[in-house]
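Here's a quick briefing to read with the model open beside you. Have a look at the structure first, then work through the points by topic.

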Amino acid sequence: MVPLSHYLALSVILFVLGAAGFIFRRNIITVFMCIELMLNAVNLAFMAFSRFLENLDGQIFVFFVIVVAAAEAAVGLAIIIALHRNRESLNIEDVDSMKM
Amino acid sequence: MNLEYLLLLMVFPPLVGAALNGVFGRRLSQATVSLIGCGGAGLSMVFALLSAWIYSKSGSQPVPLPYRYFTWIQAGLLRADYAFYYDRLTLIMTLTVTVVAFLIHLYSRGYMEHEGGYYRFFTYLNLFLFMMLTLVTAGNYPLMFVGWEGVGLCSYLLIGFYFKRKSASDAGKKAFIVTRIGDAGFTVGVALLFWTFHSLDFQTVFDRVAGLHQGEFENVLTAVGLLLFMGAAGKSAQLPLYVWLPDAMEGPTPVSALIHAATMVTAGVYLVARSSIIFAHAPAALAVVGIVGCLTAFFAGTIALTQNDLKRMLAYSTISQLGYMFLGCGVGVFAAGIFHLMTHAFFKSLLFLAAGSVMHAMSGELDMRKMGGLRHKLKTTYATFLIATIAISGIPPFAGFFSKDEILAGAYEGPLGSPLLYWLGTLTAGLTAFYMFRGLYMTFWGESRVEPETAHHVHESSYKMTIPLMVLAFFSVVAGWVSIPKALHGSEAFDQYLDPVFGPATDALRHVPSEHFGDLSPAALMGFSILAALIGIGLASWWYLKSTDIPEQLAERYADAYRILTHKYYVDEFYNWLIVRPLCIASDKFLWRVVDASVIDNALVNGAGEGTAGVGDVLRRIQSGNIPSYAAWILLGAVLWMLYIFVAR
């Protein structure tokens with residue numbers, strides 16, 4: 001049986017990858033995918049704990065996260081399309097008109 | 001009808017009048033404004049008479065009636081009610097105040113006709129009457145203080161009535177600020193009283209003090225007495241705070257008559273008389289009252305000798321007479337002080353109103369050197385002025401004689417009397433007679449020195465003004481008859497009437513050891529004061545009617561003394577040098593330039609603005625608009641938060 005720590009380690013690796021990508025990547029779609037990656041890292045941790053503690057609460061949380069992520073993907077992609085139509089660019093550094 | 005409601009009906013009509021005139025007066029005709037104003041004062045007078053009647057009728061018990069309407073302040077131990085305190089002293093004060101005030105309201109209808117600001121004048125005058133009635137009917141020190149400050153405010157507003165004239169607005173400020181110095185003493189005194197007795201209610205405090213043995217709490221009570229007298233000295237223009245009163249003559253003449261002669265300036269005397277039991281347990285403070293009063297009477301009397309401005313002369317005369325009242329209270333004959341307060345209210349307001357009538361005839365001229373011979377043209381004014389002059393000079397059987405004589409007799413043989421006070425008082429009586437007749441002769445007798453362009457429209461004032469003069473003249477004659485001295489086989493009815501009020505104080509003062517030096521009989525004392533008055537009148541007649549060059553020769557021969565007198569002992573200059581100038585310099589160089597300009601304006605106000613801008617300048621760099629950097633900040637925050645949770649906890 002694979003111990004809990006392995007799952008958690010994988011979860012942390014995925015999360016850090018997602019976070020790093022979120023900060024350092026310039027393509028908005030990549031950034032977006034990094035967010036999904038972080039969410040799934042968290043899902044993985046939830047699932048692992050749920051199995052480990054033999055408690056279904058974690059799984060219920062995972063469902064919630066998946067639903068929110070789906071909604072987020074719908075809204076996020078719509079925003080990205082709108083952005084691309086306006087700016088003709090998907091580079092995140094071009095989107096800084098909120099700067100003082 | 002119940003006295004409780006009558007008192008409210010007495011106090012409030014002037015306030016209603018002031019409110020109506022203040023809000024709507026600008027759009028009302030002069031007739032309506034004066035109807036509202038005089039109506040307010042008239043109603044007050046009617047209800048004052050009614051309450052006096054009902055109070056006297058309701059059984060023979062002369063007990064004070066405290067009426068508590070509602071709790072006004074409740075804070076910790078301090079409790080102040082909206083409460084009235086009605087006893088025989090209040091009765092006399094309310095009658096004097098409302099009668100004189102009503103007459104002066106009537107007089108003002110004529111006097112202010114062409115002066116502008118008609119409704120404003122009646123608003124202030126009514127407000128003043130309300131405050132004055134609050135002062136004399138108040139049932140505790142805080143409420144009395146409300147009236148006390150209220151009359152001060154109205155005094156300020158009315159002195160500065162012609163506010164376009166700088167001297168008038170300056171005089172208003174001076175009056176306000178100088179009396180405030182005294183009020184500081186009053187406030188501290190009241191606080192000390194509260195600290196000692198845990199109450200400020202008249203009834204409670206007086207009962208507590210009356211229950212003390214002589215000498216108990218004497219130090220505290222002496223301090224209280226002196227502090228209260230400081231307030232009284234400010235309000236009643238006594239040494240050393242008298243300087244505002246002569247300047248207060250900048251106000252319209254009815255104001256000088258009502259506020260600065262008859263009523264407000266006597267508030268200090270009322271305060272001392274009201275607190276008589278406190279002073280009786282603090283003989284040292286009471287002695288100070290008497291001595292200051294006597295010195296003020298003499299000092300102001302000498303200044304009045306050389307004044308050429310009719311109203312200023314009367315102002316110094318008022319200071320001097322107020323000194324008499326304090327002398328009366330100070331030697332322990334409080335009733336005599338109040339008696340003089342009452343008679344003085346009549347004849348001094350008459351003098352001022354008559355002076356106003358002269359001023360009216362002379363197109364505002366007040367310099368007596370430019371008058372003379374007016375008695376032919378201003379017959380009523382002259383007659384009434386003459387009556388008031390005789391009354392103030394102390395010639396029997398006019399009002400001033402009886403009250404002044406009682407004070408002087410008290411100064412000689414009263415509980416705290418001494419021959420020195422008596423002789424100084426008698427000398428002042430002579431001075432009073434001299435300068436009053438000097439003024440009378442310069443104004444109404446001799447050759448006319450009126451300037452030609454004013455001479456041809458010198459006219460007697462209308463009946464609106466002369467009728468109040470005549471009524472006041474009547475009172476100036478008869479007001480003294482309520483207390484014929486024992487030496488003239490009278491009963492001193494006034495003193496006996498006030499005995500329930502001042503009895504406890506008089507009893508307490510009996511225990512004060514006093515030495516009696518003289519052995520003059522009351523009749524001899526009376527003879528001396530009449531003699532002094534007659535000498536004064538004689539000298540004035542000789543110098544200002546017969547040999548009119550003597551005053552000038554005297555002025556030349558004693559040029560130094562004359563100069564000191566005409567400059568009023570340089571007191572104003574001295575105060576200017578000692579207090580006003582340093583204050584101005586300190587205000588300009590330090591308070592303005594350092595405290596206000598540098599510290600407040602620059603360091604605090606601008607500093608707060610610049611500081612916020614500076615911090616914002618730094619912090620706005622966070623708002624880069626760059627989404628990855630926001631993400632980094634979020635991550636950093638999350639990491640720090642987790643560190644905090646795992647490490648710091």
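Predicted model: local features only at pLDDT ≥ 70, side-chain atom pairs only at ≥ 80, totals over all residues.

Residues are numbered from 1 along each chain as its sequence is written, while chains are lettered from A and ligands numbered from 1 in the order in which they are written.

- Chain B has a mean pLDDT of 88, with 98% of its residues at 70 or more; pLDDT is the predictor's confidence in each residue, from 0 to 100.
- For the complex, the predictor reports an ipTM of 0.84 and a pTM of 0.81.

**Chain B as a whole**
- You'll find 27 helices and 2 strands in chain B, where helices (H or I, at least four residues) and strands (E, at least two) are DSSP runs numbered from the N terminus.
- The C-alpha trace of chain B spans about 110 × 65 × 55 Å along its principal axes.
- Of the 649 residues in chain B, 51% are buried (20 or more other C-beta atoms within 10 Å of its own; exposed means 12 or fewer, partly exposed is in between, and C-beta atoms are placed from the backbone).
- Take the contacts in chain B between residues at least 6 apart in sequence: 82% of them join residues at least 24 apart. Two residues are in contact if their C-beta atoms, placed from the backbone, lie within 7 Å.

- Helix 14 (residues 283–304) of chain B has 22 residues and reaches 31 Å from first C-alpha to last, close to the 32 Å expected (the expected span is 1.5 Å times one less than the number of residues).
- Helix 14 of chain B is largely enclosed by the rest of the structure, because 17 of its 22 residues are buried.
- Helix 6 (residues 141–159) of chain B reaches 26 Å with its 19 residues, close to the expected 27 Å, and is mostly covered, with 15 of the 19 buried.

**A helix pair**
- Helix 15 (residues 310–330) and helix 19 (residues 419–444) of chain B have axes that come within 11 Å and cross at roughly 160 degrees. Axes are lines fitted to C-alpha atoms, for helices over the stretch in contact, and angles run from 0 to 180 degrees between N-to-C directions.
- Helix 15 and helix 19 of chain B are therefore roughly antiparallel (over 145 degrees; under 35 is roughly parallel, 65 to 115 roughly perpendicular and the rest oblique).
- Among the residues that meet here are L310(B) and M313(B) in helix 15 of chain B, and L421(B) and G425(B) in helix 19 of chain B.

- F102(B) sits in helix 4 (residues 88–111) of chain B and counts as buried, with 22 C-beta neighbours inside 10 Å.
- F102(B) and A41(B) are 61 residues apart in sequence, yet their C-alpha atoms are 5.2 Å apart.
- L226(B) belongs to helix 9 (residues 218–235) of chain B and is partly exposed, with 19 other C-beta atoms within 10 Å.
- Leaving aside neighbours within four places in sequence, L226(B) is in contact with A285(B) and V288(B).
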